[in-house]
Amino acid sequence: LHSYTKYNTWDTILSWISTIASSNPSLISKQEIGNTFEGRPMVLLKLGKSSGTTKPAIFLDCGIHAREWISPAFCQWFVKEALDTYGSDSQMTSLLDQMDVYVLPVFNIDGYEYSHTSNRMWRKTRSKLSGSSCLGTDPNRNFDAGWCTVGASSNPCSDTFCGSTPESEIEVKNVANFIRKNQSSIKAYLTVHSYSQLLLFPYSYSYNLAADHSELMSVAEGASAALTSLYGTQYTSGPGASTIYLAAGGSDDWAYDLGVKYSYTFELRDTGYYGFLLPESQIQPTCEETMLAVKYIAAHVQKNL
Ligand code: 0X9
Ligand code: ZN
Ligand code: ZN
């Protein structure tokens, strides 16, 4: 049974996707962008008032890393809030009137499922590589952005294995293909992880500052302040390399170098007390505060269309 305040399994999320997509056809639709390594459908939700023309869009994904369960919970929450507040909240109404928001509720579905059934601390995909008995690649080391140069491992048994080639993971290829295909309309790329309470932006594969560093930093600081305003949760903003660590092959750096200027990685609650095992009682407050940050970024993107 689906609940926004529980960590739902993939089967439950998949049926929720179908129910919610058919509930409000004028605001939400679903499409498959491919299958995972184990054959599960990667379903993408498109939120936005239908307009007949191609609207500028924001791409939001959750669950790149299997064990970061608060992340898919946030994507589900975002979809609920968007549908519930369209027509009453002026910002959400304006956002969905002007833009589309693509939401990928779970990126690494095979890993997410494995973290529910076999190993709660699983991080990677579940792909098999000939010549190794270890399974899985870190999807956030598998994008074609300084691939495997730093902060990633070429050992298939490592939790940060970069894969055999960039986009060797079918999940990464499916998402990258979708974003490339819709490159001209996608204005922002938001990806949700946990934990550490950070709002990161490029670069992580190098200490070089992004060309848009000042704007990315001021938007991150505004978004973090909006988040903090609800319950006082403290966030740190900055480029990945200097704020968390150097790590190449991430989706944020890849999207930015493709030309998606507003590219952000959220690291949600907490700072390590529960870590990945964040209690379900924190889903609602975490999602509510994160909504404020996402809406702050979206408002800035809209203002700069
Ligand atoms: O290491 C990661 O992939 C992210 N942290 S996590 O604890 N969720 O694994 C941070 C990603 C920051 N961005 C890049 N490294 N590109
Ligand atoms: Zn992560
Ligand atoms: Zn709410």
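**Figure 1. Packing of helix H3 against helix H9 in the predicted model.** Helix H3 (residues 90–98) packs on helix H9 (residues 283–303) at an angle of about 50 degrees, and their axes are 11 Å apart. Axes are lines fitted to C-alpha atoms, for helices over the stretch in contact, and angles run from 0 to 180 degrees between N-to-C directions. Helices (H or I, at least four residues) and strands (E, at least two) are DSSP runs numbered from the N terminus. H3 and H9 are therefore oblique to each other; angles under 35 degrees count as roughly parallel, over 145 as roughly antiparallel, 65 to 115 as roughly perpendicular and the rest as oblique. The crossing of H3 and H9 is left-handed, a term used if the near helix is turned anticlockwise from the far one by less than a right angle, with right-handed used if clockwise. Gln-91, Leu-95 and Gln-98 of H3 meet Lys-295, Ala-298, Ala-299 and Gln-302 of H9. By class, the contact of H3 with H9 has 3 nonpolar, 3 polar and 1 charged residues. Two residues are in contact if their C-beta atoms, placed from the backbone, lie within 7 Å. Ala, Val, Leu, Ile, Met, Phe, Trp, Tyr, Cys and Pro count as nonpolar, Asp, Glu, Lys and Arg as charged, and the others, Gly among them, as polar.

The model is predicted: local features need pLDDT of at least 70, side-chain atom pairs count only at pLDDT 80 or more, and totals for chains, interfaces and linings use all residues. Residues are numbered from 1 along each chain as its sequence is written, while chains are lettered from A and ligands numbered from 1 in the order in which they are written.

**Figure 2. Packing of helix H6 against H9.** The axes of H6 (residues 213–231) and H9 come within 8 Å and cross at roughly 150 degrees. That angle makes H6 roughly antiparallel to H9. H6 passes H9 in a right-handed crossing. Among the residues in this contact are Val-219, Ala-223, Leu-227 and Leu-230 of H6, and Leu-292, Ala-293, Tyr-296 and Ile-297 of H9. The residues of the contact of H6 with H9 divide into 11 nonpolar, 5 polar and 2 charged.

**Figure 3. Packing of helix H2 against H9.** H2 (residues 70–85) and H9 have axes that come within 9 Å and cross at roughly 65 degrees. The crossing of H2 with H9 is right-handed. Ile-70, Ala-73, Phe-74, Trp-77, Phe-78 and Glu-81 of H2 make the contact with Ile-283, Thr-286, Cys-287, Thr-290, Met-291 and Val-294 of H9. By class, 9 of these residues are nonpolar, 2 polar and 1 charged.

Figure 4. The peptide bond from Pro-202 to Tyr-203 is cis, with omega near 5 degrees. Cys-148, a residue other than glycine, has a positive phi near 60 degrees.
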